Amino acid sequence: MALIKKETTVEKYLICGLGNPGDEYRGTRHNTGFMVLDAFAKASNAVFEDRRYGFVAQTSIKGRKVFLLKPTTFMNLSGNAVRYWLGQERIPQEHLLVVSDDVALPLGAFRLKSSGSNGGHNGLGHIQQLIGQDYARLRMGIGNDYPRGGQIDWVLGKYDEQQLNTLQPSIDLAGDIIKSFVLQGITETMNQYNQ
């Protein structure tokens, strides 16, 4: 009697950091999602390649395949990249985590949520338009120390050295949050990390 080889399916995850492509946006508050993914990729020895709709890197965490995505669609069309890579790799939506900046949180703070509104964030808004609002998101606080009407200049402004020092521990912690999300899921991770 021949043994039937059982096919094992590898669990896949998509971690998307939001930002804008191009050197002029490097180090800006709106690119905090890119900064988190860059740090995570570096720690995982993963290398980004220029692929369709974004820079994509691959790594694995305890046998689970993890795709890191930095969309090149510009912030307002981030949903195109997310929808494409979810479909391309057949990744279930509950295995998606989106990392974005958030003016409603102080610099260095963060909030992990399993779903919800876009909070006025254009990148999250476009993702929501295309796939709905049931996906996990990690919002990284960038503060809101700007005058009335100055939000665009603030989010597209670059961090100074002192602000980067304040942000760095949260970027490091975001790496732990990503690992926990992949290994334990969103609920356990929220219980563990939300302040």
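Residues are numbered from 1 along each chain as its sequence is written. In this predicted model local features need pLDDT of at least 70 and side-chain atom pairs count only at pLDDT 80 or more, while totals for chains, interfaces and linings use all residues.

**Helix pair**

Helix 2 (residues 78-88) and helix 3 (residues 122-131) have axes that come within 7 Å and cross at roughly 45°. That makes helix 2 oblique to helix 3 (angles under 35 degrees count as roughly parallel, over 145 as roughly antiparallel, 65 to 115 as roughly perpendicular and the rest as oblique). On the helix 2 side the contact (heavy atoms within 4.5 Å) is made by S78, G79, N80, V82, R83 and L86, and on the helix 3 side by G123, H126, I127, L130 and I131. These residues divide into five nonpolar, five polar and one charged.

**Pockets**

A pocket is an open set of points on a 1 Å grid where a 1.4 Å probe fits, with protein on both sides within 12 Å along at least five of seven lines; lining residues have an atom within 4 Å of a point.

| Pocket | Volume |
|---|---|
| Largest | About 320 Å³ |

The largest pocket is lined by 18 residues, and H30, G120, N122, Q151 and V155 lie nearest its centre. Strand 5 (96-102) and helix 4 (151-155) are the elements that give two or more residues to this lining. Helix 4 supplies the largest share, three residues.

Lining the second largest pocket are residues including N20, P21, R26, F34, F55 and K70. Its lining has four nonpolar, four polar and four charged residues.

Notes:
Side-chain values use heavy atoms; hydrogens and water are left out. Axes are lines fitted to C-alpha atoms, for helices over the stretch in contact, and angles run from 0 to 180 degrees between N-to-C directions. Helices (H or I, at least four residues) and strands (E, at least two) are DSSP runs, numbered from the N terminus. Ala, Val, Leu, Ile, Met, Phe, Trp, Tyr, Cys and Pro count as nonpolar, Asp, Glu, Lys and Arg as charged, and the others, Gly among them, as polar. Grid points are joined across faces, edges and corners, and a volume is the space filled by probe spheres set on the points.
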